Amino acid sequence: MSTLIVIVYPTEAKAEEVRQTLLGLQKEYVITLGDAVIATKTEAGKIKLNQLMNTTATGAVSGSFWGLLIGVLFLNPLIGVAVGAASGALGGALTDVGINDAFMKDLSASISPGNAALFLLIQEMTEGKVLKQIEGFGGVVLKTSLDETKEQVLRDALQKHSAAADSTTPA
């Protein structure tokens with residue numbers, strides 16, 4: 001069963017830094033991510049989703065390949081590529097993998113402009129090692145599907161950084 005965690009960071013750059021750290025941990029088999037999306041809110045209130053995979057582009061490339069193959073069979077590869085790319089792009093645009101886009105946009109409406117929400121769909125993780133890596137980034141937990149005990153451990157780890165940052169700030 002997958003776990004959803006949403007953490008708000010003060011900037012998109014900080015959220016991206018955490019996402020890259022988690023992707024590095026994935027290469028070390030410490031965590032398995034189903035999805036990792038950064039949502040930001042503009043000053044005008046528009047929500048922008050920065051997803052890992054562009055399904056439209058992936059669909060277009062896949063469609064081009066299959067269109068070329070079918071076009072070669074029917075002796076018109078250029079039309080095959082064009083039709084394949086168009087249908088693949090359409091299919092990719094209509095495909096939503098991972099976390100539901102509408103859900104992310106609705107939840108991101110509550111963040112302040114300039115802040116970034118990092119949406120994580122975690123399939124598996126070694127909790128202690130992951131927490132140790134992300135606690136230095138801070139952040140505020142917006143939503144999780146964790147049980148209360150594990151959610152509190154996550155909140156405490158993230159607050160540890162905030163408390164340390166506050167104590168080093170000159171008055």
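Start with helices α1 and α5, which cross in the right-handed sense. The model is predicted. Select residues 12-27 for α1 and residues 127-134 for α5. The two helices pack at an angle of about 145°. Their axes lie 10 Å apart.

Now show the side chains between them. From α1, pick V18, T21, L22 and L25. From α5, pick V130, Q133 and I134. These residues make the contact. Colour them by class: 5 are nonpolar and 2 are polar. No charged residue takes part in this contact.

Next, the sheet. Its 5 strands run in the order β3-β2-β4-β1-β5. The sheet is open, and the pairing is antiparallel. Go to the edges: select 47-50 for β3 and 140-144 for β5. Each has a single partner strand, so one side of each is left without a neighbour in the sheet. Follow the twist across the strands; from one strand to the next, the average is 25°.

Return to α1, this time with the sheet in view. The helix packs on the sheet and touches β1 (3-9), β2, β3 and β4 (116-125). Compare directions: α1 makes about 170° with β2.

Stay with β2 and select residues 31-41. How many bridges pair this strand with β3? There are 4, in the antiparallel sense.

Note on methods
Residues numbered from 1 in each chain as written. Predicted model: local features only at pLDDT ≥ 70, side-chain atom pairs only at ≥ 80, totals over all residues. Heavy atoms only, no water. Pairing = 2+ DSSP bridges. Axes fitted to C-alpha atoms, helices over the stretch in contact; angles between N-to-C directions. Contact = heavy atoms within 4.5 Å. Left-handed = near helix turned anticlockwise from the far one by under 90°. Nonpolar A, V, L, I, M, F, W, Y, C, P; charged D, E, K, R; others polar.
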